[in-house]
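Hi,

Here is the structure I promised to pass on. Have a look at it first, and then read my notes below.

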Amino acid sequence: MPAGSTTRAPVATGTSPYSSFYDVKPTMNTSYKVVYSGYTATSTYDDNYVASESAPFTVAVVRDVKIDNAKARMTIKGKVKPDYKNQKVKIKVKKGKRYVKFKTIKTTSKSTFQVRLPAPGAAPRSSSSRSRSPGNAQFVTYSDVWYTYTY
């Protein structure tokens, strides 16, 4: 059952008590339940199987974020899928042992963003930055870390 829905719909059916659901790929947070209709023996050598169903379980889905290096140094650009138009992306920079807020930017109407990261300082040094797009009922929170180095 997709997030926000109240009804369940069949996604796969099988004829044996064993089933594999590797081909089911949810596109948003989805709750599943496996239902078995049972089996009545047709001969003395067969077993009877009682009808049963599993407890509901949820598969969490994270937004697909593609990150590229822009042409300028210390600049990253990315695209968030599916459809994350004009939404906030939080950029944090590591100061000591913690990440602190650096900038909050909005994606464009094409769900892309670009941000220039702070330089790590005198060589040899490195710094790390983290981006985060908050989750909602349909998707889990996305978070990623980048490292920049000076030599």
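**A loop residue to start with**

Ala 55 sits in the loop between strand 3 and strand 4. With a relative accessibility of 56%, Ala 55 counts as exposed. In sequence, Ala 55 and Lys 33 are 22 residues apart, yet their C-alpha atoms are 6.2 Å apart in space. Keep in mind throughout that this is a predicted model.

**The overall picture**

Zooming out, the protein chain has zero helices and 11 strands, so if you follow the elements from the N terminus you get β-β-β-β-β-β-β-β-β-β-β. The chain has 151 residues, and 23% of them count as buried. Taking contacts with a separation of 6 or more, 50% are between residues 24 or more positions apart.

**Aromatic pairs**

How many aromatic pairs does the structure hold? There are two. One of them is formed by Tyr 32 and Phe 57, a tilted pair at 6.0 Å centre to centre, with 35° between the planes. This pair links distant parts of the chain, since Tyr 32 belongs to strand 1 (residues 30-32) and Phe 57 to strand 4 (residues 57-59), 25 residues apart. Is Tyr 32 buried or exposed? Tyr 32 is buried, at a relative accessible area of 14%, whereas Phe 57 is partly exposed at 38%.

The other pair is Tyr 39 with Tyr 49, also tilted. Here the ring centres are 6.4 Å apart and the planes make an angle of 50°. Both Tyr 39 and Tyr 49 lie in the loop between strand 2 (35-36) and strand 3 (52-53), so the pair ties together parts that are 10 residues apart in sequence. Tyr 39 counts as partly exposed at 33% relative accessibility, and Tyr 49 counts as partly exposed at 40%.

While you are looking at strand 1, check Thr 30, which is placed there. Thr 30 counts as buried, with 9% relative accessibility. A polar atom of the Thr 30 side chain lies 2.7 Å from the backbone oxygen of Met 28.

**Thr 107 and its surroundings**

Next, go to the loop between strand 8 (98-106) and strand 9 (112-116), where you will find Thr 107. Thr 107 counts as buried, at 3% relative accessibility. What does the side chain of Thr 107 have 2.5 Å from one of its polar atoms? That is the backbone oxygen of Tyr 84. The backbone nitrogen of Asn 86 lies 3.0 Å from a polar atom of the Thr 107 side chain. Leaving out residues up to four places away in sequence, Thr 107 touches Val 80, Tyr 84, Lys 85, Asn 86, Gln 87, Val 89, Thr 112 and Phe 113.

Asn 86 deserves a click of its own. Its place is in the loop between strand 6 and strand 7, and its phi is near 50°, a positive value in a residue other than glycine. Asn 86 counts as partly exposed, at 46% relative accessibility.

Pro 82 is in the loop between strand 6 (75-81) and strand 7 (88-95). The peptide bond that joins Lys 81 and Pro 82 is cis, with omega about -10°.

Back in the loop between strand 8 and strand 9, there is Ser 111. Ser 111 is not a glycine either, but has a positive phi of about 65°. Ser 111 is buried, with a relative accessible area of 4%.

**The cavity**

Searching the whole structure gives one cavity of 30 Å³ or more. The largest cavity holds about 30 Å³ of space. Which residues line the largest cavity? They are Val 65, Val 80, Val 89, Phe 113, Ser 131, Arg 132, Ser 133 and Tyr 142. Strand 10 (residues 125-133) gives the largest share of this lining, three residues. Sorted by class, the lining has five nonpolar, two polar and one charged residues. Val 80, Val 89 and Phe 113 are part of this lining, and they are also among the residues that Thr 107 touches.

Happy browsing!

Key: Residues are numbered from 1 along each chain as its sequence is written. This is a predicted model: local features need pLDDT of at least 70, side-chain atom pairs count only at pLDDT 80 or more; totals for chains, interfaces and linings use all residues. Side-chain values use heavy atoms; hydrogens and water are left out. Rings of Phe, Tyr and Trp (its six-membered ring) pair if their centres lie within 6.5 Å; planes under 30 degrees apart count as stacked, over 60 as edge-to-face and the rest as tilted. Helices (H or I, at least four residues) and strands (E, at least two) are DSSP runs, numbered from the N terminus. Buried means under 20% relative accessible area, exposed over 50%, partly exposed in between (1.4 Å probe, protein chains only). On a 1 Å grid over the protein atoms alone, a cavity is a set of points where a 1.4 Å probe fits but cannot get out, and a pocket is an open set with protein on both sides within 12 Å along at least five of seven lines; lining residues have an atom within 4 Å of a point. Grid points are joined across faces, edges and corners, and a volume is the space filled by probe spheres set on the points. Ala, Val, Leu, Ile, Met, Phe, Trp, Tyr, Cys and Pro count as nonpolar, Asp, Glu, Lys and Arg as charged, and the others, Gly among them, as polar. A polar contact is a pair of N or O atoms within 3.5 Å; within protein, one must be able to donate a hydrogen and the other to accept it, and residues adjacent in sequence count only if both atoms are side-chain atoms. Contact means heavy atoms within 4.5 Å.
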